[in-house]
Amino acid sequence: MSEPRWPLPEPMRGALAQARAGAAAGAVPIGAVVVRDGVVIAAAHNGPRDCHDPTAHAEILAIRAAAAALGQDRLEGCDVWVTLEPCAMCAGAMVHARVARVYYAAPDPKGGAVEHGARVFESALHKPEVYAGLGESESAALLRQFFQDRR
């Protein structure tokens, strides 16, 4: 997908900032933010190594923080903005949280589960709206650079 001809929405800029912070901390550069009524209520970057938790993906950490901030387990009316197509675990968490919309930057043909792989939302009882490609080139460049630096 090509980059939009307008500035990226603030939530995707925030997710990309989280991804850059994750990369600076040595984590795979994936960032996520949760937005409700136009306000960012949670943000996170990947943390499996820092947290010693294989489930500490950016989306999971952001969803947990948003649920805590709202004092409830459902994130109805919330949007998740993430820099990479969610995996099956993260997509499943979004379904259970009843997230309204998911915006992701770069596709993930190997590990993604929205437009690739398991396509979790297609068979779920709750199906968030999905928007892909906003910030794709910047997100993909962060990931490429991160892995090049480790070779």
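Which residues in helix 1 meet which residues in helix 6? The model is predicted, with local features requiring pLDDT of at least 70, side-chain atom pairs counting only at pLDDT 80 or more, and totals for chains, interfaces and linings using all residues. Residues are numbered from 1 along each chain as its sequence is written, and side-chain values use heavy atoms, with hydrogens and water left out.

**View A. Contact of helix 1 with helix 6.** Leu16, Ala19, Arg20 and Ala23 of helix 1 meet Glu138, Ser139, Leu142 and Phe146 of helix 6 (contact: heavy atoms within 4.5 Å). By class, this contact has five nonpolar, one polar and two charged residues (nonpolar: Ala, Val, Leu, Ile, Met, Phe, Trp, Tyr, Cys and Pro; charged: Asp, Glu, Lys and Arg; polar: the others, Gly among them). The axes of helix 1 (residues 10–24) and helix 6 (residues 136–149) come within 11 Å and cross at roughly 5° (axes: lines fitted to C-alpha atoms, for helices over the stretch in contact; angles run from 0 to 180 degrees between N-to-C directions). The two helices are therefore roughly parallel to each other (angles under 35 degrees). Helices (H or I, at least four residues) and strands (E, at least two) are DSSP runs, numbered from the N terminus.

View B. Helix 4 (residues 88–97) is mostly covered, seven of its 10 residues being buried (under 20% relative accessible area, with exposed over 50% and partly exposed in between; 1.4 Å probe, protein chains only). The buried residues are Cys90, Ala91, Gly92, Ala93, Met94, Val95 and Ala97. Just after helix 4, arginine 98 adopts a positive phi of about 65°.

**View C. Isoleucine 41 in strand 2.** Isoleucine 41 lies in strand 2 (residues 39–45) and, at 27% relative accessibility, counts as partly exposed. Leaving aside neighbours within four places in sequence, isoleucine 41 is in contact with Val34, Arg36, Ala66, Ala69, Leu70 and Cys78. The C-alpha atoms of isoleucine 41 and alanine 68 are separated by 9.8 Å, the two residues being 27 residues apart along the chain.

Notes: Parallel < 35°, antiparallel > 145°, perpendicular 65-115°, else oblique.
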